[in-house]
Amino acid sequence: MSARRPLISGNWKMHLNHFEALQVVQKLSYLLAPDDLEDVDVSVHPPFTDLRTVQTAVETDRMPFAVGAQNCHWEDSGAFTGEVSPAMLAKLNIAYVIVGHSERRELFGETDEDVNGKVLAVHRHAMTPILCVGETLAEREAGTTETKVVRQVHAGLAGLSPEQVAGMVVAYEPIWAIGTGRTATPADAQAVCALVRATVGEVAGADAAVSVRVQYGGSVKAGNIAALMAEPDVDGALVGGASLDPEEFARIVRYRSEPAAS
Ligand code: PGA
């Protein structure tokens, strides 16, 4: 078993208003026993309008989850109508910020340079970025998965110290597997997660490569998580749709007791 502590993250995307988010996080806390969380970290990433509510509930009831955000701006303040500053997130005790999700890159035009600016900004405020990388179906079929992922990792980590990289999370999310019900096979997920780790080694050295946590994301469910987590370079999962259902997400967090068949 790897020495890295697994991280299971629920990305709620643009779902759940703050009342609904509160119910989901309370249910999750009720479903998970302290034992279930002994060897795994869990983060939940509600929409911005829910963050204060969820953070207050998590802190007041001492729920064993980290609260995360789904995005932030690269500047701390300024004339950026509609954007959210990393400094504001840090003030809410946000632990993790998802950066460069494929939906941000593909639908909102985020470039590798924007993503790097956000990674640097998240570090500046002592939070942990979850840097997302991954290929489209066309890129996979054209055989350019490796080139793209290596480029995204290099660009995303530019300007960071080896120590900063060591504490980070990189999520490998094949775009064709997100929200489609198609999951990468454990072997394919392993191959690209190993490539991510090797690329981190090139950028930031061997110690950072050993420490960085690499998640897989894309149609993760209770039925396929165990087989993915059995791979040596898969250190966790970034879960979208299945994280909206607290029963299903709790089973994903308890992947060790789920059957490994996918
Ligand atoms: P999915 O989303 O689990 O619904 O495929 C994953 C993600 O976009 O992070």
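The legends below describe close-up views of a predicted model. Residues are numbered from 1 along each chain as its sequence is written, and side-chain values use heavy atoms, with hydrogens and water left out. Local features need pLDDT of at least 70 and side-chain atom pairs count only at pLDDT 80 or more, whereas totals for chains, interfaces and linings use all residues.

View 1. From Gly241, a polar backbone atom lies 2.8 Å from an oxygen atom of the ligand.

**View 2. The largest pocket.** A pocket is an open set of points on a 1 Å grid over the protein atoms alone, with protein on both sides within 12 Å along at least five of seven lines; its lining residues have an atom within 4 Å of a point. The largest pocket has a volume of about 400 Å³, where volume is the space filled by probe spheres set on the points, and points are joined across faces, edges and corners. It has 14 lining residues, of which Lys13, Met14, Gln70, Arg104 and Phe108 are the closest to its centre. Helix H4 (residues 102–108) gives the most to this lining, with four residues; helices (H or I, at least four residues) and strands (E, at least two) are DSSP runs numbered from the N terminus. Seven of the lining residues are nonpolar, four polar and three charged. In this scheme Ala, Val, Leu, Ile, Met, Phe, Trp, Tyr, Cys and Pro count as nonpolar, Asp, Glu, Lys and Arg as charged, and the others, Gly among them, as polar.

View 3. One cavity of 30 Å³ or more is found in the whole structure; a cavity is a set of grid points where a 1.4 Å probe fits but cannot get out. The largest cavity holds about 40 Å³ of space. Its lining includes His101, Arg105, Cys132 and Glu173. H4 and strand E5 (128–133) each supply at least two lining residues.

**View 4. Helix H12 and its cover.** At the start of H12, a side-chain oxygen of Asp245 comes within 3.0 Å of the backbone nitrogen of Glu247.

**View 5. Glu135 in its loop.** Glu135 lies in the loop between E5 and helix H6 (137–141), and counts as buried at 0% relative accessibility. Its side chain forms a polar contact of 2.7 Å with that of Arg140 and another of 2.9 Å with that of Tyr172. Beyond neighbours within four places in sequence, its contacts (heavy atoms within 4.5 Å) include Thr145, Lys148 and Trp176.

Methods:
A polar contact is a pair of N or O atoms within 3.5 Å; within protein, one must be able to donate a hydrogen and the other to accept it, and residues adjacent in sequence count only if both atoms are side-chain atoms. Buried means under 20% relative accessible area, exposed over 50%, partly exposed in between (1.4 Å probe, protein chains only).
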